[in-house]
Amino acid sequence: MMARTTALARATALAGATGRGTAGFLGFLGRFAGFAGQVCLSIRPPFQWRELGTQLVVIGWMSLPVVALTALFTGAALALQIHAGSARFNAEFAVPSITAIGMVRELGPVLGGLMVAARVASSIAAEIGTMKVSEQIDALRMQALDPVQFLAVPRVLAALLAMPVLVAAGNALGIMGGYGVGVARLGFDGPTYLRNTLEYLEFWDVASGLIKGAVFGALVALAGTFHGLRARGGAQGVGAATKSAVVMASVMILAANYLLTELFFSA
Amino acid sequence: MISAQDLHKSFGAKTVLRGVSLTVAPGESLVVIGGSGTGKSVLLKCLLGLEPPDRGQVDIAGLKQPRPHELAAHVGMLFQGAALFDSLPVWQNVAFRLLRGRHRMPRGAARELAVEKLARVGLGPEVADLFPAELSGGMQKRVGLARAIVGNPPILFFDEPTAGLDPVMAGRINRLIRSVVSEAGATAMTITHDMRTLSDVADKVAMLRDGRIHWQGSRDEALTSRDPILHEFVTGGAETGET
Ligand SMILES: Nc1ncnc2c1ncn2[C@@H]1O[C@H](COP(=O)(O)OP(=O)(O)OP(=O)(O)O)[C@@H](O)[C@H]1O
Ligand SMILES: [Mg+2]
C-alpha cells in the first residue's frame, strides 16, 4: 500500500514536472517566436550597413573553410556509401546523380548549417551575452539604440544572405569529393561522372537546398542573439547562453530541415 | 526634473525597492547613499526604464514612465561598471552619441570634442585611440564619465563616479561634477559611498535603506544629522565606537 502510494505520488510528481517542463518549453518557443517577429519588424532604417558588412565577413567568409571541408569529406563518403548500396541493385551508374542530389538537397545545407551553428551561434551569443552582463546593452539603449535593430538585425541578415552562398560552395565541394572518390576509387570515368551529375540534377534540387540554407542561417543568428540578449549573471551566464544558443540552433536546424523537406518534396 | 513616486521592484522572491519616492528639482544635485546591495543601482535603472519597476511612477524631464530611447537626448548616464563598448576605441565611446542620429557631427569635430571631454576627466589625447580593455578600471570609469557628459545633457546620472580612483583624481572628478551642475545648470543624481563626493557635490542627500528612502534632506543637515544610521554612515562608524 505504502509502496503504491509513493509510486503513485512519484508518477504524479513526474507528470507534473513533465507538464511544467512542456509548458515551460512552449513558453520559451513563444518567446523565441516573439523575438523573431521583433527582429523582422526591426528591419527598417537606419540600417547598420557597416555592421552588416562586418558580419558578412565574420559569419560568411570566415565560415567558408569549415563548411567547404565538411562538404568535401561528406561528398566523398557519400559516394562510397551510395556505391555500396547501389551495387546491390547493379545500379552503380546512379552514384554520381544520387550523390549530387543527396548533397545539394540535404547534406550540404544541413551539415553546413550545423557547422555554422557551432561556429556562429556560439560566437554571437558569447559576444552579445558579454555585452549584456557588462551593461553595454543598457548603455546602448541609453544612446537611443535598439539592441535588436543595432545588433540582431545585421547578424540575422548577414547569416541569411551568407548561408546560401556557403551552401552553394559546399555543394560544389561535396560533388567534387564524390567525383574524386568516384574516379580514384570506384572506377568511374571523369567526364562521364560529371555528365551524370549534371544531367540528372534539377533546378529545384539546388534551389531547395539554398532556401534551406537561408532559413538555417537566420535560425542560427536568431538563436545566438536571442540567448545573448537574455544572458544574466556574469561569465557563467555567458557560458550558459552560448551553450543554449548552439543546442537550440542545431535542434531547430534539424527540425526545420524536416519541415522544409515535407513542404518542398512531399507529393 | 527627476521624480519617482512609490517605486517597487522585486527580482523573483527578492524585493529590492519597497516604495521609493524622491524628487530632484531642476538644477539641483542629489546624492544617494546607502549600504552595498540596498538597491541604489536598481533604483537608477528603474528611473531610466532599463529595468521596468513593478509599481510606481517615474517622471523625467516631463516624460512619464520614460523608455530609455526617449531619454537619450536628455540624459547622460555613468554606469557603475563604466559599460564602455569594447569593440570601439575610447574616443568613439565618448563621441558615440555625436556620431549617430539625425544631427550627427563630422568625425573630425566629434573626435576633437571627445578629446576635450577626456581632458576634463584627466585623460590625455594618447588614450583616445586605445580600446577599453587596454585601460585600468579607474581610467574606464573616467571615459564613462566623459561619455556621460558629452553633448551637455541637462540631466545626469552617476553611479559611483569616484569608485576606483585615487584621492586626487576623485577630488578632481567631484569638482567636475560640481561644475557641470552649477555652471551648466544640469540636474544630477549621484550614487556614492564616497563622503567627499557627498560634501563636494550634493545639494540634497537621500539615504536608501531596506528598499525605502530612510532619510532625506540638505547636505548640511546630512552632515550634522543625529539620525543614528545616517550618522554612522557619514562618519564611517568612527564616533559610535562600533567595530
Ligand atoms: N538583474 C538582477 N536580477 C536579480 N537580482 C538583482 C538584479 N540586479 C540587482 N539585483 C539584486 O538587487 C539588489 C540591489 O542591487 P544593486 O546593484 O542595486 O545594489 P547597490 O545598492 O547598487 O549596491 P552597490 O553599492 O554595491 O553598488 C542586490 O541584492 C542584487 O543582488
Ligand atoms: Mg550599485
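A polar contact here is a pair of N or O atoms within 3.5 Å; within protein, one atom must be able to donate a hydrogen and the other to accept it, and residues adjacent in sequence count only if both atoms are side-chain atoms. The legends describe a predicted model, in which local features need pLDDT of at least 70 and side-chain atom pairs count only at pLDDT 80 or more, while totals for chains, interfaces and linings use all residues. Residues are numbered from 1 along each chain as its sequence is written, chains are lettered from A and ligands numbered from 1 in the order in which they are written, and side-chain values use heavy atoms, with hydrogens and water left out.

**View 1. Ligand 1 is surrounded by residues from chains A and B.** Ligand 1 has 16 residues around it, the closest being B:Lys14, B:Ser36, B:Lys40, B:Ser41 and B:Gln80; a residue is counted as near a molecule or strand if one of its heavy atoms lies within 4 Å of it. Because the surrounding residues come from chains A and B, the site is shared between chains. A polar side-chain atom of B:Ser36 lies 2.6 Å from an oxygen atom of ligand 1, and for B:Lys14 the corresponding separation from an oxygen atom of the ligand is 3.3 Å. An N or O atom in the side chain of B:His193 is 2.8 Å from an oxygen atom of ligand 1.

**View 2. B:Ser41 and B:Gln80 coordinate the magnesium ion, ligand 2.** The coordinating atoms are OG of B:Ser41 and OE1 of B:Gln80, at 2.0 to 2.1 Å. Donors are N, O and S atoms within 2.8 Å of the metal (3.2 Å for Na, K and Ca), and water is not among the atoms, so sites may look incomplete. The pair links distant parts of the chain, with B:Ser41 in helix α1 of chain B and B:Gln80, 39 residues apart from it, in the loop between β6 (75–78) and α3 (90–94) of chain B. Helices (H or I, at least four residues) and strands (E, at least two) are DSSP runs, numbered from the N terminus. B:Ser41 is partly exposed at a relative accessible area of 22%, and B:Gln80 is partly exposed at 35%; buried means under 20% relative accessible area, exposed over 50% and partly exposed in between (1.4 Å probe, protein chains only).

**View 3. Helix α1 of chain B lies across β1, β2 and β4 of chain B.** This helix (residues 40–48) runs at about 115° to β1(B), where axes are lines fitted to C-alpha atoms, for helices over the stretch in contact, and angles run from 0 to 180 degrees between N-to-C directions. Because 8 of the 9 residues of α1(B) are buried, the helix is largely enclosed by the rest of the structure; among the buried residues are B:Lys40, B:Val42, B:Leu43 and B:Cys46. Just after the helix, B:Gly49 takes a positive phi of about 80°.

**View 4. An antiparallel open sheet of 4 strands in chain B has the order β2-β1-β4-β5.** Two strands pair if DSSP finds at least two bridges between them. Strands β2 (14–24) and β5 (63–64) of chain B are the edges, each pairing on one side only. B:Asp6, in strand β1 (residues 2–11) of chain B, is partly exposed at 34% relative accessible area. Beyond its neighbours within four places in sequence, B:Asp6 is in contact (heavy atoms within 4.5 Å) with residues including B:Val20, B:Ser21 and B:Arg55.

**View 5. A mixed open sheet of 6 strands in chain B has the order β6-β7-β8-β3-β9-β10.** The edge strands are β6 and β10 (212–218) of chain B, each of which pairs on one side only, and the twist averages 15° from one strand to the next. Strand β3 (residues 29–33) of chain B runs parallel to strand β8 (residues 187–191) of chain B, the two being joined by 4 bridges; B:Val31 has B:Thr190 in β8(B) as its bridge partner.
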